[in-house]
Amino acid sequence: MSLSVVLSEAFNFFRNHLSQLAALTIPLLLAQVGIQLWLGAEFAKADIENPQFGAAHFFAMMVMLIIFSMLIAALTLYLQLRSEGHQLGTGQLLKASMPFVPPLLLAGVFSGMAILAPVVFLAVFGPLWIIGLGISLYLFARLAYVNFMVVAERLTPFEAIKASFQFSSPIALKTMALLMLYVPLSLVGGTLSQVAGNVGMPLQLLADTGFAFIGLFVNVALFRLYMVTRSQA
């Protein structure tokens with residue numbers, strides 16, 4: 001299936017299920033973005049020469065990661081069930097998502113380390129960080145399906161990482177193209193976030209949450225590509 005068809009079908013799904021997706025994800029996004037903004041404000045106030053971050057900051061980061069994992073689990077479950085013709089309420093989906101939080105956290109830590117390793121290592125050699133960035137982007141595409149493997153296929157974190165790398169081999173370029181959608185979304189969202197931040201924190205919270213919700217379209221498109229590729233295999 002061509003990438004344009006995948007995007008078209010993902011857009012239709014996102015549009016047709018907009019209210020259900022919003023009810024499921026926006027409360028979690030509000031909490032996640034709220035913590036991000038608070039941490040950002042705390043980091044901005046910190047002394048660069050002697051930064052001090054306490055237990056509250058560590059706790060906030062852990063809560064943010066848990067909320068993000070819950071969000072991804074709930075969204076993936078929703079996409080899977082709707083693709084199979086089933087439907088659960090928001091509360092049922094959130095409850096069913098909870099067992100996936102620990103494996104998603106573990107899978108996220110190890111896949112994130114693998115993705116960041118090339119650019120961090122080659123940054124030591126100056127301009128070679130650009131090569132490291134390219135390798136990291138490629139690894140990002142190869143490991144983009146780890147969450148689906150954990151939730152939809154019930155694999156362990158390490159099995160999911162291995163399965164995602166194998167599964168994405170024939171669709172790596174398509175996956176990278178979908179992931180590149182984050183670039184314009186981040187640029188526009190970042191600009192509007194700065195404008196909203198000048199007005200006040202509540203408006204910035206709403207603006208950032210809105211763009212984070214729009215960014216979920218990329219997850220929907222990736223899941224559609226995943227389903228099509230899986231069915232062909």
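Colleague: Which helices each supply at least two residues of the lining of the largest pocket?

Modeller: Bear in mind that this is a predicted model. The helices are helix 2 (18–45), helix 3 (55–83), helix 5 (101–122), helix 7 (146–151), helix 10 (182–199) and helix 11 (201–232).

Colleague: And what volume does the largest pocket have?

Modeller: About 1400 Å³. Of the 41 residues lining the largest pocket, Q32, F68, I72, F140 and Y182 are the closest to its centre.

Colleague: How do the residues of that lining divide into nonpolar, polar and charged?

Modeller: The lining has 25 nonpolar residues, 15 polar ones and one charged.

Colleague: OK, switching to helix packing. At what angle do the axes of helix 10 and helix 11 cross?

Modeller: They cross at roughly 170°, and the axes come within 8 Å. Because of that angle, helix 10 is roughly antiparallel to helix 11.

Colleague: Which residues in helix 10 meet helix 11, and which residues in helix 11 do they meet?

Modeller: On the helix 10 side you have Y182, L185, V188, G189, L192, S193, A196, G197 and V199. They meet L203, Q204, A207, D208, F211, I214, G215, V218 and N219 in helix 11. By class, that contact has 11 nonpolar, six polar and one charged residues.

Colleague: New topic: how many salt bridges does a search of the whole structure find?

Modeller: Two. One of them pairs E9 with R224, where the closest N and O atoms are 2.4 Å apart.

Colleague: Where do E9 and R224 lie?

Modeller: E9 is in helix 1 (residues 3–16) and R224 is in helix 11, so the pair ties together parts that are 215 residues apart in sequence.

Colleague: Last one. What's the phi of R154?

Modeller: R154 has a positive phi, about 60°, although it is not a glycine.

Colleague: And where does R154 lie?

Modeller: In the loop between helix 7 and helix 8 (157–167).

Notes
Residues numbered from 1 in each chain as written. Predicted model: local features only at pLDDT ≥ 70, side-chain atom pairs only at ≥ 80, totals over all residues. Heavy atoms only, no water. 1 Å grid on protein atoms, 1.4 Å probe; cavity = no way out; pocket = protein on both sides within 12 Å on 5 of 7 lines; lining within 4 Å. Points joined across faces, edges and corners; volume = space filled by probe spheres on them. Helix = DSSP H or I, 4+ residues; strand = E, 2+ residues; numbered from the N terminus. Nonpolar A, V, L, I, M, F, W, Y, C, P; charged D, E, K, R; others polar. Axes fitted to C-alpha atoms, helices over the stretch in contact; angles between N-to-C directions. Parallel < 35°, antiparallel > 145°, perpendicular 65-115°, else oblique. Contact = heavy atoms within 4.5 Å. Salt bridge = Lys/Arg side-chain N within 4 Å of Asp/Glu carboxyl O.
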